[in-house]
Amino acid sequence: MEQGLAERIGPLSGTAGSRRVTASAAIADEMRADIVAVRLAPGQPLLERALTERFGVSRTPLREALIRLAEEGLVDIRPQSGTFVARIPLGAIPEAVVVRQALEGAAVELAVASGAAGADRLRDIIARQKAFADRNDREAFHEADENFHECVAGLSGFPGLWRTIRQAKMQIDRCRRLTLPVLGRMPQVLAEHRIIADAIEAGDAQSARAAMRAHLGAVLPDAQRLAQTHPDYFA
């Protein structure tokens, strides 16, 4: 078993069934991260034998993990054909953006109450993002981007919002990972984050919400362009 998976499972007690559920959750977490980061490409076959060897488990917890990911729209299980990484559903992206804009728009309005202290926390993250952009470290840049939006949710006083937002934006994140290599995309994200931080410091809830809405809405034209340049990745 891979060390990372074993560490996440941790000490186990109880029945074999409890072990299977715990292992399947850890497998699902790791595969979900790989799919969202496009380390597992849309449409890529998922071979059972290779995956059981990778995770050091039997077929049962692997299949439980795949069913869970299929329910989330990240895996496509086709009887008699095979199991594949699901293609990105282009038609579902606009709705996901609306959901995210509503949730994060509300969060950033509430975050305005944090004032300069909240803005300073966000600017610290932006500074890290800029350093990652300067090094063209896309993985670290994306992680810092996640930190920025999670911080906004935390500043709202309702940190549980972030859990709901993360569930709503998985397909959006797959698009975003594909846009980061585009020339000028990372500087654009940085500029949009600065506008949000400035509005929070100024105590301007309306401008903060408008800036967040514009920032999150940028994925819509990006998704359309990506579907043209990566037609095999989209459904």
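Residues are numbered from 1 along each chain as its sequence is written, and side-chain values use heavy atoms, with hydrogens and water left out. Local features require a pLDDT of at least 70 and side-chain atom pairs a pLDDT of 80 or more, whereas totals for chains, interfaces and linings use all residues.

The mean pLDDT (the predictor's confidence in each residue, from 0 to 100) is 90 for the chain, and 91% of the residues score at least 70. Residues 11-21 have a pLDDT below 50; beyond near neighbours in sequence, this stretch makes seven contacts (heavy atoms within 4.5 Å) in the model. Where pLDDT is low, predicted coordinates should not be read in detail.

Pockets and cavities were located on a 1 Å grid over the protein atoms alone: a cavity is a set of points where a 1.4 Å probe fits but cannot get out, a pocket is an open set with protein on both sides within 12 Å along at least five of seven lines, and lining residues have an atom within 4 Å of a point. Grid points are joined across faces, edges and corners, and a volume is the space filled by probe spheres set on the points. The largest pocket holds about 640 Å³. Of its 21 lining residues, Arg32, Val36, Glu146, Arg166 and Asp173 lie nearest the centre. Helices (DSSP runs of H or I, at least four residues, numbered from the N terminus) H2 (16-36), H7, H8 (161-168) and H9 (170-179) each supply at least two residues of this lining, with the largest share, six residues, from H7. The lining comprises 13 charged residues (Asp, Glu, Lys and Arg), five nonpolar and three polar.

One cavity of 30 Å³ or more was found. The largest cavity has a volume of about 170 Å³, and Arg100, Asp145, Arg176, Arg185 and His215 lie nearest its centre among 16 lining residues. H7 gives the largest share of that lining, four residues.

His142 is located in H7 (residues 138-155). The residue is buried (under 20% relative accessible area), at 5%. Apart from neighbours within four places in sequence, His142 contacts Asp173, Arg176, Arg177 and Leu180.

In H12 (residues 219-229), Val219, Asp222, Ala223, Leu226 and Ala227 are buried. These residues fall within an arc of 140° seen down the axis (directions from the helix axis to the C-beta atoms), so they line one face of H12. They pack against H5 (93-111), H9, H10 (185-202) and H11 (205-217).

Technical notes
Buried means under 20% relative accessible area, exposed over 50%, partly exposed in between (1.4 Å probe, protein chains only).
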